[in-house]
Amino acid sequence: MTTETATDVFEAHRPVLLGVAYRMLGRVADAEDVVQDAWLRWSGADHADVREPRGYLVRITTRLAIDRLRQIKSRGETYVGPWLPEPYVTDFGATVPDTAERAVLADSVSLAVLVVLESLSPLERAVFVLREAFGFPYADIAAMLDRGEPAVRQLAGRARRHVEEGRPRYEVDLAQRRDLTERFLAAAAEGDLEGLMALLAPDVRLVGDSGGKARAPLRVLESADKVGRFLVGAARKGLHDFSVRFLEVNGGPAVLVLSGDEPDSVFQLDVADGRIQAVYVVRNPDKLRSLTV
């Protein structure tokens, strides 16, 4: 394999590698660093010994992500207020033509699922991502992680149960989520509390992630009344020269709020039974850099 061919092979698999690394870490910059490290390993490897490049590259990326995740956890960093993953722009487009496969990928990268994955061990998280999101056989995952297949199956079962217990229920109908997102945005921007209350489920939750670097609730808000009043109050304070853009983030419709040309926040909703079940707001500027216009 020539250097040029090796580069082409790596670039062809880069989206998968970035997808694995991001699901493992929940941070775009960390995922990109891991993929860059994987490239360095790949560029220095003896490609004559590589029978299946995709599996080889995913194995390198997964192991690097596990190491990075262990380093993060060992530092025991404290985070100010609720934590949400860094918004990740997803556009599967023609690369994932199958609707069922697209739904699986979108669900595995959703904010709600990634929050639950934070509570898994690095090995459990790796097994869950490789099995549930990318469909690798247990035997392949065992080889990637240097574990026996029975142990990998146990890890997968434990991780799956944990995720199912912690995963909020929501609809994957993108058209419905987009419609409710537009109506939510209009009501919030107009300070229409009555209109907002009609859209919010009685036990709706608002999770705001600022990292202590922007204004956002330092606790999760629960109930339609508290969430509605907070949103109306925030809208009344307003932003200077603000605009909004719709985009797909973490597998679903989201709203990017801009102050001038700088990202101020990202809103995304979980929807079920025609009502908004959760509102996610990311305002930590460190998590919005990849969305700079």
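These legends walk you through several close-up views of a predicted model. Because the model is predicted, local features need pLDDT of at least 70 and side-chain atom pairs count only at pLDDT 80 or more, while totals for chains, interfaces and linings use all residues. Residues are numbered from 1 along each chain as its sequence is written, and side-chain values use heavy atoms, with hydrogens and water left out.

**View 1. Helix α6 and its surroundings.** Helices (H or I, at least four residues) and strands (E, at least two) are DSSP runs, numbered from the N terminus. Helix α6 has 12 residues and reaches 16 Å from its first C-alpha to its last, close to the 16 Å expected at 1.5 Å a residue; the expected span is 1.5 Å times one less than the number of residues. How many of the 12 residues of α6 are buried? The count is 10, so α6 is mostly covered, where buried means under 20% relative accessible area, exposed over 50%, and partly exposed in between (1.4 Å probe, protein chains only). Among the buried residues are Pro122, Arg125, Val129 and Ala133. After the helix comes glycine 135, with a positive phi near 70 degrees.

**View 2. Helix α6 crossing helix α8.** Two packed helices are described by the angle between their axes and the distance between the axes. Here α6 (residues 122–133) and α8 (residues 149–166) pack at about 85 degrees, and their axes are 8 Å apart. Axes are lines fitted to C-alpha atoms, for helices over the stretch in contact, and angles run from 0 to 180 degrees between N-to-C directions. The two helices are therefore roughly perpendicular to each other; under 35 degrees counts as roughly parallel, over 145 as roughly antiparallel, 65 to 115 as roughly perpendicular and the rest as oblique. On the α6 side, look for Leu123, Glu124, Val127, Phe128 and Glu132, which meet α8 residues including Val152, Leu155 and Arg158. Contact means heavy atoms within 4.5 Å. The residues of this contact divide into 8 nonpolar, no polar and 4 charged. In this grouping, Ala, Val, Leu, Ile, Met, Phe, Trp, Tyr, Cys and Pro are nonpolar, Asp, Glu, Lys and Arg are charged, and the others, Gly among them, are polar.

View 3. Six strands line up in the order β2-β1-β6-β5-β4-β3, with mixed pairing; two strands pair if DSSP finds at least two bridges between them. Which strands stand at the edges? They are β2 (221–222) and β3 (242–249), each with a single partner strand, so one side of each is left without a neighbour in the sheet. Strands β1 (residues 200–209) and β6 (residues 275–282) run parallel and are joined by 6 bridges, and glycine 208 stands opposite valine 281 in β6. Helix α9 (residues 174–189) packs on the sheet, touching β3, β4, β5 and β6, and its direction makes about 125 degrees with that of β5. Helix α11 (residues 224–237) also packs on the sheet, where it touches β1, β2, β5 and β6.

View 4. Begin with β3 and β4, which pair in the antiparallel sense over 8 bridges; valine 244 has valine 257 in β4 as its bridge partner. Their hairpin has 2 residues between the strands, and asparagine 250 takes a positive phi near 50 degrees. Next, β4 and β5 are antiparallel over 6 bridges, with valine 255 opposite phenylalanine 267 in β5. Glycine 260, in the hairpin of β4 and β5, has a positive phi near 70 degrees. Finally, 7 bridges join β5 to β6, which run antiparallel, and aspartate 273 in their turn has a positive phi of about 55 degrees.

**View 5. Arginine 275 in strand β6.** This residue belongs to β6. Is arginine 275 buried or partly exposed? With a relative accessible area of 30%, arginine 275 is partly exposed. Leaving aside neighbours within four places in sequence, its contacts include Leu180, Met197, Pro202 and Asp270. Arginine 275 and leucine 180 are 95 residues apart in sequence, yet 7.9 Å apart in space, C-alpha to C-alpha.
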